[in-house]
Every structure is written in structure tokens, then in C-alpha cells.
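This briefing concerns one predicted protein model.

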Amino acid sequence: MKKSTLRLSLAACALTVSTAPAGFQTHQPAEVILGNLYAPTQALYYPMGITVDPVTKKIFVCDTGSNRILRFPAAAGLTPKLHPEAVLGQENMIDRSSGTTKHHLDSPRAVVFDAAGHLWVSDSANNRVLRYDNPSVGETPAPNGVLGRPDFVTSQHGLGAAGMWKPSSMACSGTTLYVVDESNKRVLRFDNAAAKANGAPAQAVFGQADFNSGVSGLTAKNFSSPGGVALTTEGGSTTLWVSDVDNARVLGFPNPNAGGPAGATATRVLGQADFTSKANNGFVGAGTLFWPGQLTASGGSLYLADTGFFRVLRWDSPGSGQNNQLAAMVYGQRDFSSGKAATATGAENVRGVFVDGDGALWVTDIQKNRVVRYDHAPQKPMDSDFDFVLSPEGNDIQDPPSFGSGLAIDPASGKVYVSDAPKNRVLRFSSYAVLVAGYRPEAVFGQADFEGKDAGLWSTEMNAPTALACDSNDQLWVADTGNNRVLRFTNASSQSNGPVSKTLLGQLAYGLGGSSAGAGRMNAPRGLAVDGQGTLWVADSGNNRLLRFNLALLKNNGAVPDGYQGQATATASAPGLTSRNLNFPTGLAMNAGRLWVLDGGNNRVLRFDSIAGRANFAAADGVLGQPGFTTKTAGSGAAEMSVGEGSLVVDSFGRLYVSERDNRRITWFNAAAGKTNGGMANGVLGRSGFGATDDSWDNLHVGKVTGIAMDPRGSLWAADSLRNRVLRFSPVTPAVTACEMGANNHFNMTFKSTTGAFYQAERSADLKTWTPSGAKVQAIGEIAVWSDPALASGKQFYRLREVAP
């Protein structure tokens, strides 16, 4: 870290400040945000449902990952990057947190209008369905009624005629509402639904013998996992269609509005030859299904999101056809025999489907966080491209990185590595400037190219990588967590896409990925640290231990570690709560021969002094986050922690930074090695203060930070996995607030800087030769006062730099 310097000319009392900052201040904002900026106002996140108001033509999208419904202007005025005009389920466009109130949603999955213009929303994780009487008016409409729960503030799941458990898809026939009660494995019918009191019971149930049953089955009367629902009308007859996901079929129930309370029998099946088959051998065709999901209908035509085959299917007049009727049309694939992968003409991961009054087919894509539209869908020829895409953040152009698992910065080249766990890869950025300009990586590890995202076990593949570490020899170490191993890449800063790893630790050979506590084996490693002697430390998180590999770059594949900590023997793995035991360690940091360990399950940080000479199963020399070695109480005060998972950084001044995923914050400890057990942190980022629980999607708060790293300039980078972004916090520059000649001809200077930091002043007459002047001082609060007790004659210049305690 470059030293922070203030220079002062005594004669002119003129002050110049160097470009290098000093430290941080509590609740300071991040100056750079990569990935999802203030994303809820600009992007969709896991959209699962869509509908169009038949009167106003406005579009309503279930932005499931952001716990809200976004309303867009009428289709005629849409542009691809158009931002939404209103939000349901949040009190503003910034928030995306879940909740159980009248104004919050938790994972909404479907939206539908009834004939009277009421909007129904399946608030899945709250086990309820909400009714909005005027959804197209205002910026944050509130619901007017609820089914599944007796009020707006409870969320317990239930059975019976009035209970629900994770409701998903819905359909309406006039004023009758049908709800897929997914986890209860049934479909409920509510007659004249909008007139019902809150928590009113359903009038009929499909898929179960009565309202108090919730069993799965493979018959004409049961479902295994209902996913979608829709109603077709042919010649005055109505059919209720229900997709049965695990049974790879769609069932049709005739005249559903007139049926009794329970026990209805399906008379039509699509995707299977009969009602007792669920065959799916991966064969793609017009009569086979794979993970059939949401349904929608237009007149006598039925549309299905056939999720596993990356397509939407259409059947014409299925209610009057034969069982296992072949689909008439496919959208998103070239033909019926294609479906092994997504194509440029369709959605990459189909979820929601809806056909509007103009015959346009709308499809939500949770992989690329967008909505695509096929105009005049019934008249489309095979292999047609979509006509419109709605992607406010532009994710239709390129799959963005899923920032948030781990970070490392090469000390020599300055290149930045980010682990992208959901896409099973590590991205390399050529510089800070390139990263900040638009997160365009120059190379990818773990995949052959930037389009790949499959997990694998071979030398060029990864499975949910997390922690990263760079050493001075241009080696990149990767905790390949899902494969229970650690990989080493040589010449990492210059490798092209898909490089071959040169060393494998944790497994005996490539192609193996099982977990074990045996010698040379690992279980979900999540932390890495490399010291100046080439020793690699691995936080073997699932085995509740640390592994030490001396001269790691010379190790053979599957090498047995040279030492261990956290367990009494080399093959033990049980968690413990003593000065010698660990419980899910995830973060490691080395400094001056000292090893710091983030012991996530015990909500603490352990300090091991002179670790290179320590025997196995050594006792830690200190603890932060707990008053002693035998407690693990979670808390958010200055002397407390609530970790779960996180990482550590130590700077050149001995300041320790701790990312606490469960507290949604980063804390720092000045002169950490000198803290007594249970010593208090000196500052916090991501919260307004210690003990605070404030949260918002902005640059003052963090979601769940699991990776932090410090660059050579002293800026702290944080990977926020909850909000899919990377934040950069730049240290503040000390600011002189007063300088004066004091008593006995002393020169006094008062400055504002980082709380608890230490500073040393130096003096020069020619700006070439500098000598220490006076004693080093510590900032009390954010204010420090320094005095030169032996002022020299003539013009003098002073500079102030942060130093170790």
C-alpha cells in the first residue's frame, strides 16, 4: 500500500496532498460499483411471470429475484431499454428486499388479470395470492385483498380449503380464479374470487381427493409437481390444463367451472401416451416434454414453456384431440427435434409465457434477465426469431458476470481476478481501469470461452469456484469448491481462454470430485492464502480445518499436506469451539508471519502468531468477535460478529478487514495483532454504524460480501454476491483543519483522518531529504494533533504519512 503523505511549507503555510489515501471512515460510500449498479431501477432479475392489461395494454413482469412486480408502459410505446414506470411489492424503485406486509412481496412467480380487471399476484414464498383492484394507476399500487392467508402480515403455509403452500401459476375464466398450489400438489378454484373476504376458502380442488390431502401421484387425478395452469375454450367447452413437471406431462380437465369440490378426473394428457406413464429419456420431439412449466392459452390454442428443452410449444384444439397429441408449433428452436441447447431465436431459460389480445406471445428468460415477444404468434413459421426484446439493462447483448464469490489482485501486473461461481468460471480483467469501464474481461478460466457455463471435473473445468489467491510468481490458485479441490494456473496473467491447470490438490486425479477428510483430500475449500515463502494455506471448510502445503507450486497432484490446524488428527473433521478447533473456516490472511482465520461457524477471527514454526493442532494466540475461545454468539456490535461465510484482508499497517456475510458489513481492526481477546473493531463499511441494520440498494450498503481484496493503491474491493456486483472503497485522504505556531516556537498541526490510525510527520528543508519529526500520533475519533518540538530555522516542509502502530 502506498504511504499517505501530506506536505506543508511552514513559511507559506501552503498544503499539498499526495494522491495516496490513508484509511477509511465508517459508512463511507463506495466510489465504484460494477455489475448491478442501482440495479432494481434498471434491470430485471430472474423474471418468472408476465401478463398484459387487456384495457391499458400495460405490461406487468414478475421480477421474482427482486421481490416485486414491474409495470411497463403500453406495448406500443415500448423500447428495448425502457425503464419501468411503476413497482408493486416495494415502496420504491430502489428496494428489493422481501417482506410479509401489505406493501412487500417474497418471490412472486405469476401475474394474471381476471375479466373484471383485477390483477392477481402469486406471492409464492409468503404462501398467498394478492388482488390489486387498480394496478395500472399510481407508482406503487397496494393490494386490496388476499387469499391463502387471513391477513397481510402472516405467511405460514397451510392445507385445507383456505391454505396455500408456495402458490405459483394462475389462470382466470371470467371472475373464477385457478391457483397452482405447488407444494400442496394441487390446483384450487375460487369462484367470484374478487368478491371474497381475505383468507376465504376455495370452492374446488384438482389433483387431490379432498382439501386436506397433499399427496403426489401418477394418475388421471393426481400430480407430482404442478407447474402451470391455463384454460382453453373450444366450441363452448372449457378445458383446464395443468402441467405436471416431474411427470413430464400436461393434464386436461373438462368443464372445470362446473366440477364438484374435489376428485376431478383428467380426460386428456399431453407429453405421455397414457395417464400412468412419465417416460422422459431426453428424446426431443413434438410429443415429448422436459420440465413443462407455465401455460397460457388463446382461444382454443394452448402454449407451454417446455423449460428443459429451451422452447415454447403450441397445440391447436387440444381439448378435442387425442391423448399425446403432437404440438403444432415450436418457438425458440429450429424444429421439433432441436432442444438440447438454447438458440439465438429464443429464450435461454424459459419461465413465463403469455399471449395477449393481439396474438403476441411474451416469454420471460431468467438466464438473460429479459422478456422476448413473438408478434402474431399463430401465424409464425417454424424457426422464426422473436420480434422484440425488453431488457432494461441490456443483458440481451452479453451474459453479465455473476460477481460476488471471490477476488484476487496480482501484485505484479495489477490484473484483477473475479470468481463467477454460478457460471463455474474465473474472469481476468487486464486492469482496474478496464474493470471499472464496463466489466469486460480479457480471459476466462474454467470455460473454453465466455459463452460456456457448465461445471466439470477436468483440468480446464471448474464447479462453483470461490476463493482466489495470487503469488509473486504469477501463479493463480483457485478454490474449486464444488469439486472439493484447489487448482493452480501458471503464468496466469498471460493465459488465454480455457487454460489447463498445472497442479491439483484435494483430489488424486482430474475427473474425481468427491469430498473426504482423508489425507490429501478436501471438502468444499473456501479460503486461500500464500505467504512469501510459497507456502499455501487452504481453509478446508467442510472438514473444519486448515491445510498447509510447503513450496506448494512444486507439489504433485493429490499431494498430502505438510501440516494442519483445527483438528487433533490429520483425518478428523468434526467442528469444535476451543482455541484449537474450527467450525467452517472460510477466510485466510497472512501478514508478517501471522495467520488470521475467519472461523465462520463460530462467528470469530483467530490469530496464529509465527505460524510457520507451529506444530499441528496448535492453540490460537488471540480471538476477535468473541470475548474468549469458548463462545460463538452472533451479534452486530463493535466487539461482535455474525459471519456465516466471508474473507479477510490485512494491509501493510496491520489493519485487519473482515467481511461478515450474515451481518452484511465489512469491519476493520486497527493494529489488530495488538488487540486483546474480544477487542472492538474501529470502523464499519456497509452499515451506518455498529449495531445498525439499515439496508438499501445503494453505494452506502452491502448485501452479502463473501470476497474482499486490497489493491496496491490501498483501495478495498468487495464482492457482493447477493446483489451481483463488485464495490470499491477508496481510503479517505487526511485533511488538515488547522496549523499554527504554538508556545515555545512549536509548530502544531491538526488534521482529520481515519479513526485510530497512526501517523508520523517528517521534515525537510529541500523536499529531498526527509527526517522524522516528533513522535507518531494516533487519531482519536477522526481528529489527530501533531506538534514539532524542535523547530528548525528557515523554511521547512512537512509531510505526514500513515505508519504501523
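Beyond its neighbours within four places in sequence, Phe253 is in contact (heavy atoms within 4.5 Å) with Phe206, Ala220, Phe223, Thr238, Thr239, Leu240, Val242, Ala264, Thr265 and Ala266. The model is predicted, so local features need pLDDT of at least 70 and side-chain atom pairs count only at pLDDT 80 or more, while totals for chains, interfaces and linings use all residues. Residues are numbered from 1 along each chain as its sequence is written, and side-chain values use heavy atoms, with hydrogens and water left out.

**Nonpolar cores**

- Phe253 and Leu240 touch the most other members of the largest nonpolar core, which has 17 residues. A nonpolar core is a set of buried Ala, Val, Leu, Ile, Met, Phe, Trp, Tyr and Cys residues joined through side-chain atoms within 4.5 Å; buried means under 20% relative accessible area, exposed over 50%, and partly exposed in between (1.4 Å probe, protein chains only).
- Two or more residues of this core come from each of β13 (176–181), β15 (204–206), β16 (226–234), β17 (237–244) and β18 (249–254). Strands (E, at least two residues) and helices (H or I, at least four) are DSSP runs, numbered from the N terminus.
- A second, separate core has 16 residues, including Val129, Met170, Ala202 and Val205.
- In soluble globular proteins, nonpolar side chains tend to be buried together.

**Chain as a whole**

- One helix and 56 strands make up the secondary-structure elements counted in the chain.
- The chain has 805 residues, and 59% of them count as buried.
- Among contacts with a separation of 6 or more, 52% join residues 24 or more positions apart.
- The accessible surface of the chain is about 28,100 Å², with 51% belonging to carbon and sulfur atoms. Accessible areas come from the Shrake-Rupley method with a 1.4 Å probe, and for residues only the protein chains shown count as cover.

**Second largest pocket**

- The volume of the second largest pocket is about 850 Å³. On a 1 Å grid over the protein atoms alone, a pocket is an open set of points where a 1.4 Å probe fits, with protein on both sides within 12 Å along at least five of seven lines, and lining residues have an atom within 4 Å of a point. Grid points are joined across faces, edges and corners, and a volume is the space filled by probe spheres set on the points.
- Of its 41 lining residues, Thr296, Ala297, Phe354, Val355 and Asp356 are the closest to the centre.
- At least two lining residues are supplied by each of β4 (47–52), β8 (108–113), β12 (167–173), β16, β20 (292–298) and β24 (350–355).
- The lining divides into 23 nonpolar, eleven polar and seven charged residues. Here Ala, Val, Leu, Ile, Met, Phe, Trp, Tyr, Cys and Pro count as nonpolar, Asp, Glu, Lys and Arg as charged, and the others, Gly among them, as polar.

**Individual residues**

- Asn255 lies in the loop between β18 and β19 (268–270); it is not a glycine, yet its phi is positive at about 45 degrees. Asn255 is partly exposed, with a relative accessible area of 47%.
- Asp474, in the loop between β32 (468–470) and β33 (476–480), also has a positive phi, about 65 degrees, without being a glycine. Asp474 counts as buried at 18% relative accessibility.
- Asn663 belongs to the loop between β45 (656–660) and β46 (665–669) and is buried, with a relative accessible area of 10%. Not counting residues up to four places away in sequence, Asn663 touches Gly635, Ser636, Met641, Ser642 and Arg687.
- Ala761, in strand β53 (residues 758–764), is buried, with a relative accessible area of 0%. Ala761 and Leu800 are 39 residues apart in sequence, and their C-alpha atoms are 4.4 Å apart.
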